[in-house]
Amino acid sequence: MIIPGPFLYALPVIAIAAYFLGCFNGAVIVSKYILRDDIRTHGSGNAGLTNFYRTFGGFLTIVVILCDVLKAVLAIWFAVLAARYMRVDEASVIVLAKYWGALFCLLGHMFPCMFHFKGGKGILSGGTIAIMIDWRIALVVWGGFILLAVWTKYVSLGSVWAGGSFPFISWYCYPYLAIVILAFLIGGLVVWQHRANIRRLLSGTESKFSLHKKKRE
């Protein structure tokens, strides 16, 4: 894959836009500004969908889902549009733009500057990104996630699969060095964000998911 010179000028623009889109964390925005009760002070302290549902539940969970899905879609779309604005038409470079935008969108979601760099773990947004990149990648990532989460009731186990499998299926689909490096960075970030869950899984203290949210004290 040959990266066109003009595309390099698009990289910082994509990175900045994708990062700030990622910063719009649905769980934090809904809990802090609508419910007036910051999700990061409850449960695991994570600003993600699972902790939000366990803590608050209700219709606003759908708002969180829509927010985290929409920002990922916009980040990838913007990356593609920015690449094409630079008159880049090569398919592999367009895919590279998607991975570049995906990395910074997840960085914004996980480490949002407007929320003291304390965000979510990137599963919902990451899963949306997988769909936006390639259906084959989405099939492996989502298929394993759903099977493990349903079978074991450990959402975190499915999440670790998603992060761990992402770079390898990306490597299979797009064997280009730049894309593979970005894929490992993205997958590594997701797994790293679940390091506490991995420790609890190994010690047998991880909480199982239930459709019935826990009652708040």
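**Figure 1. Ser156 in helix α8 of the predicted model.** Ser156 is a residue of helix α8 in what is a predicted model. Its relative accessible area is 5%, so Ser156 counts as buried, the cut-off being under 20%. When neighbours within four places in sequence are set aside, the contacts of Ser156 are His194, Asn197, Leu201 and Glu206.

Figure 2. Leu157 belongs to helix α8, which covers residues 155–173. Is Leu157 buried, partly exposed or exposed? Because its relative accessibility is 29%, Leu157 counts as partly exposed. Beyond the residues up to four places away in sequence, Leu157 touches Leu148, Thr152 and Leu201. The C-alpha atoms of Leu157 and Asn197 lie 8.1 Å apart, although 40 residues separate the two in sequence.

**Figure 3. Pro112 in the loop between α5 and α6.** The loop that holds Pro112 runs between α5 (91–110) and α6 (123–133). Pro112 has 0% relative accessibility and therefore counts as buried. With residues up to four places away in sequence left out, Pro112 touches Tyr19, Cys23, Leu107, Phe117, Lys118 and Gly119.

**Figure 4. The largest nonpolar core.** This core comprises 45 residues, and those with the most contacts inside it are Phe7, Tyr99, Ile137, Phe166 and Tyr174. At least two of its residues come from each of α1 (5–22), α4 (60–85), α5, α6, α7 (135–152), α8 and α9. Helix α5 supplies the largest share, twelve residues. In soluble globular proteins, nonpolar side chains tend to be buried together.

Figure 5. Setting aside neighbours within four places in sequence, Phe7 is in contact with Ile14, Ala83, Val88, Val93, Leu96 and Ala97.

**Figure 6. Helices and prediction confidence.** The protein chain contains ten helices and zero strands. For the protein chain the average pLDDT is 89, and 96% of the residues score at least 70. Where pLDDT is low, the predicted coordinates should not be read in detail.

**Figure 7. The protein chain as context for the close-up views.** The C-alpha trace spans about 60 × 35 × 25 Å along its principal axes. The radius of gyration of the protein chain is 17 Å, which agrees with the value near 17 Å for a compact globule of 217 residues. Buried residues account for 49% of the 217 residues. Of the contacts between residues at least 6 apart in sequence, 68% join residues at least 24 apart. The protein chain exposes about 11100 Å², of which carbon and sulfur atoms supply 71%.

How values were computed. Residues are numbered from 1 along each chain as its sequence is written. This is a predicted model: local features need pLDDT of at least 70, side-chain atom pairs count only at pLDDT 80 or more; totals for chains, interfaces and linings use all residues. Side-chain values use heavy atoms; hydrogens and water are left out. Helices (H or I, at least four residues) and strands (E, at least two) are DSSP runs, numbered from the N terminus. Buried means under 20% relative accessible area, exposed over 50%, partly exposed in between (1.4 Å probe, protein chains only). Contact means heavy atoms within 4.5 Å. pLDDT is the predictor's confidence in each residue, from 0 to 100. A nonpolar core is a set of buried Ala, Val, Leu, Ile, Met, Phe, Trp, Tyr and Cys residues joined through side-chain atoms within 4.5 Å. The radius of gyration is taken over C-alpha atoms; the globule rule is 2.2 Å times the number of residues to the power 0.38. Accessible areas come from the Shrake-Rupley method with a 1.4 Å probe; for residues, only the protein chains shown count as cover.
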